[in-house]
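Please read the following points beside the coordinates, beginning with the ligand site and going on to a pair of helices.

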Amino acid sequence: MTDTIRIFDTTLRDGEQSPGCSMHLAEKLALARQLERLGVDVIEAGFPIASDGDFEAVRAIADEVRGTRVCGLARTGADDIDRCGAALERAASPRIHTFIATSDIHLEHKLRMSRDQVLAEVDRAVRRARGYCDDVEFSAEDATRSDLGFLVQVFQVALGAGATTLNVPDTVGYTQPGEYARLIGALREQIDPGSDVVFAVHCHDDLGLAVANSLAAVQAGARQVECTVNGIGERAGNTSMEEVVMAIKTRRDIFGDVDTNIQTTEIYPASRLLSSTIGVPVQPNKAIVGDNAFAHEAGIHQDGVLKAAITYEIMTPQSIGRSSNELVLGKHSGRHAFRERLQELGLGIEGEEFEKSFRRFKDLADKKKTVYNEDIEAIVADSVIQLDDRFELGEVTILAGTFAKPTATVALVVDGEMQKATALGIGPVDAVFKAIAELTETKSDLLRFQVNAITGGMDALGEVSVTVCEDGRRVIGHGAHPDIIVASAKAYVHALNKLSWHKSSHGLSEPKGI
Ligand code: KIV
Ligand code: ZN
């Protein structure tokens with residue numbers, strides 16, 4: 001009989017917590033819809049007490065996502081749990097995830113609590129959470145550096161209070177595969193072996209072992225893996241969802257009796273959607289979703305793959321929803337073909353988002369000889385996230401070159417009113433940014449500016465990411481356009497919209513972390 005490994009996706013909570021990965025409501029909703037298509041079992045949508053923005057995001061996702069369990073994070077305090085319960089009030093399948101640290105290091109230096117106090121907190125918190133929903137997860141933060149005897153006691157208390165999932169986080173990315181497997185085995189043996197409680201694992205990648213540790217835990221009986229798309233997360237990141245899922249699928253000989261509910265062809269669209277939303281590109285050699293993951297460069301490899309793909313390919317690009325870089329659509333393609341292509345790419349958008357994306361596709365197809373899947377994904381990501389923006393970019397006109405002093409005129413809709421400004425700069429991008437800064441009256445600093453070509457060739461769609469910072473809040477904006485100056489303007493405006501959104505929804509400073 002095959003056991004299901006639940007995939008608990010924390011891209012929108014632990015992932016979003018990492019610097020520069022913050023998303024606003026519309027972006028989180030788009031990601032949540034994609035996670036639902038992907039078939040994850042649980043979406044951890046946020047940490048409701050951290051900020052009003054987080055609360056609203058959890059609530060909106062709980063309202064909209066009906067087919068997947070939606071979870072909110074809470075510390076053990078009553079206020080945290082009540083806020084989480086309120087955010088999940090209308091969820092079809094809610095889960096409260098409550099946690100407290102259990103290692104002596106954390107008890108002594110962070111919590112300043114005794115073991116008995118921690119046990120009492122766990123009992124109170126889980127019972128209070130059960131007052132809101134039947135599905136309660138308890139996590140022992142820093143479990144891998146905790147005393148095993150105390151950890152067993154903590155989990156027994158959580159179970160007795162009504163927890164249905166017990167999570168064993170490797171919070172600091174410290175454990176090793178064999179050691180972690182032994183820990184999971186010991187916990188399973190010592191904690192009510194007859195009960196149907198699920199043991200979960202949550203690994204960080206500080207030593208590059210998050211995926212290996214999670215897989216070792218699965219072999220030792222863990223039945224929930226907590227992970228993120230592209231492995232984003234605190235510090236070095238979390239377990240990468242795509243790597244765990246594809247390892248289990250590809251090595252049936254080893255993981256034969258377990259499987260996930262993941263629709264693997266939705267993996268690549270999820271990866272692309274996330275990286276273009278947060279403006280953090282995936283490293284080219286990243287397993288599964290990196291640009292080079294299926295690129296065979298060496299002649300001997302190419303020869304082998306041409307003769308039989310199995311020689312050097314352990315899985316197909318199609319199995320994760322990647323198509324080859326062929327021309328897919330062009331300027332003669334209509335609405336119907338565009339919609340079909342979106343469906344194949346897992347980008348199920350409708351209404352205003354569809355119309356906006358289609359107009360941008362036609363504009364691009366007019367300018368560019370070939371339109372690739374990656375271009376379409378960038379267009380959609382760009383269109384989906386711009387619905388509630390304060391600033392909207394209009395025309396950009398540039399004068400630049402060997403003899404001209406770089407000059408930019410920018411038209412921008414600010415709070416519904418079209419305004420124009422002209423500025424000089426050291427280069428054309430600088431001139432455009434100065435004009436935008438004047439129109440938006442921003443006080444932010446530009447920290448990073450990065451240009452990528454989304455697809456190859458002279459007519460490549462350029463994707464620009466910028467990092468801006470105001471009063472300690474760092475956000476990343478991105479923009480895609482065949483003209484790199486326009487892409488830069490879009491990226492800057494996107495970042496300023498994000499800052500403005502953070503200001504209006506939860507003040508400027510970084511949300512309360514854990
Ligand atoms: O890393 C960690 O311990 C966490 C917990 C909240 C599960 O993110
Ligand atoms: Zn974590």
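**Note on the ligand site and a helix pair**

1. In this predicted model, a side-chain N or O atom of histidine 202 lies 3.1 Å from an oxygen atom of ligand 1, a polar contact being a pair of N or O atoms within 3.5 Å. The protein covers 96% of the 260 Å² of accessible area that ligand 1 has on its own, with areas taken from the Shrake-Rupley method and a 1.4 Å probe.

2. For aspartate 14, a side-chain N or O atom is 3.1 Å from an oxygen atom of ligand 1, while for arginine 13 a polar side-chain atom lies 3.0 Å from a ligand oxygen.

3. The shell around ligand 1 (residues with a heavy atom within 4 Å) includes His97, Phe99, Ser139, Glu141 and His204, and its residues divide into 2 nonpolar, 6 polar and 3 charged.

4. The axes of helix 3 (residues 52-64) and helix 4 (residues 78-87), lines fitted to C-alpha atoms over the stretch in contact, come within 8 Å and cross at roughly 40°.

5. Residues are numbered from 1 along each chain, and chains are lettered from A and ligands numbered from 1 in written order. Local features need pLDDT of at least 70 and side-chain atom pairs pLDDT 80 or more, totals for chains, interfaces and linings use all residues, and side-chain values use heavy atoms, without hydrogens and water.

How values were computed: Polar contact = N/O pair within 3.5 Å; in protein donor to acceptor, adjacent residues only side chain to side chain. Nonpolar A, V, L, I, M, F, W, Y, C, P; charged D, E, K, R; others polar. Axes fitted to C-alpha atoms, helices over the stretch in contact; angles between N-to-C directions. Helix = DSSP H or I, 4+ residues; strand = E, 2+ residues; numbered from the N terminus.
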